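Thanks, everyone. Please have a look at this one with me before we go through it.

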Amino acid sequence: MQTDQLINLVHSALEDMKARDVATLNVTGKSSVTDYMVVASGTSKRHVMSVAQEVIDKVKEQGILPVGVEGQGVGDWVLVDLGDVVVHVMMPDARSFYDIERLWSFDEGDAAADND
């Protein structure tokens with residue numbers, strides 16, 4: 001499956017489960033771990049866990065096994081590693097605290113300028 005198709009599949013699962021504030025970050029060249037991150041919020045810990053499980057179920061239906069899943073037992077933040085795409089489903093407080101969108105929004109030129 002192509003990366004854009006995988007992202008669309010993830011977005012479909014998030015939409016089906018009514019995840020909030022979905023953002024897709026292109027981190028190609030910024031991360032050696034993945035090319036894209038999809039960040040979404042849930043309304044409760046149970047919702048966060050259910051949303052992440054829906055993502056897992058949808059990709060498995062397409063024959064894709066997650067590389068790893070973290071945080072399912074807690075529910076504040078569940079990470080689903082799909083290789084080229086990493087999905088973060090978070091409670092709003094955790095999302096605000098860790099601010100992944102800002103963390104990964106730097107440009108290569110900005111990072112180099114900061115080191116001068």
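This is a predicted model: local features need pLDDT of at least 70, side-chain atom pairs count only at pLDDT 80 or more; totals for chains, interfaces and linings use all residues.

Residues are numbered from 1 along each chain as its sequence is written, and side-chain values use heavy atoms, with hydrogens and water left out.

Start inside. A nonpolar core here is a set of buried Ala, Val, Leu, Ile, Met, Phe, Trp, Tyr and Cys residues joined through side-chain atoms within 4.5 Å. Buried means under 20% relative accessible area, exposed means over 50%, and partly exposed is in between, with a 1.4 Å probe and protein chains only. The largest such core has 23 residues. Leu-14, Val-55, Val-80, Leu-82 and Val-87 have the most contacts inside it. Which elements give two or more residues to this core? Helix 1 (3-16), helix 2 (45-61), strand 2 (36-41), strand 4 (77-81) and strand 5 (85-90). Helices (H or I, at least four residues) and strands (E, at least two) are DSSP runs, numbered from the N terminus.

Now the serine. Ser-31 sits in the loop between strand 1 (20-26) and strand 2. Buried or exposed? Ser-31 counts as buried, at 15% relative accessibility. A polar atom of the Ser-31 side chain lies 3.0 Å from the backbone nitrogen of Val-33.

On to charges. Side chains of opposite charge can pair when their charged atoms come close. A salt bridge is a side-chain nitrogen of Lys or Arg within 4 Å of a carboxyl oxygen of Asp or Glu. The structure holds 4 of them.

Lys-58 pairs with Asp-16, closest N and O atoms 2.6 Å apart. Lys-58 is in helix 2 and Asp-16 in helix 1, so this pair ties together parts 42 residues apart in sequence. Lys-58 is buried at 16%, while Asp-16 is partly exposed at 41%.

Asp-76 bridges to Lys-45 at 3.6 Å. Asp-76 is partly exposed, at 31%.

Asp-99 meets Arg-102 at 3.1 Å, N to O. Arg-102 is exposed, at 57%.

Definitions and conventions:
A polar contact is a pair of N or O atoms within 3.5 Å; within protein, one must be able to donate a hydrogen and the other to accept it, and residues adjacent in sequence count only if both atoms are side-chain atoms.
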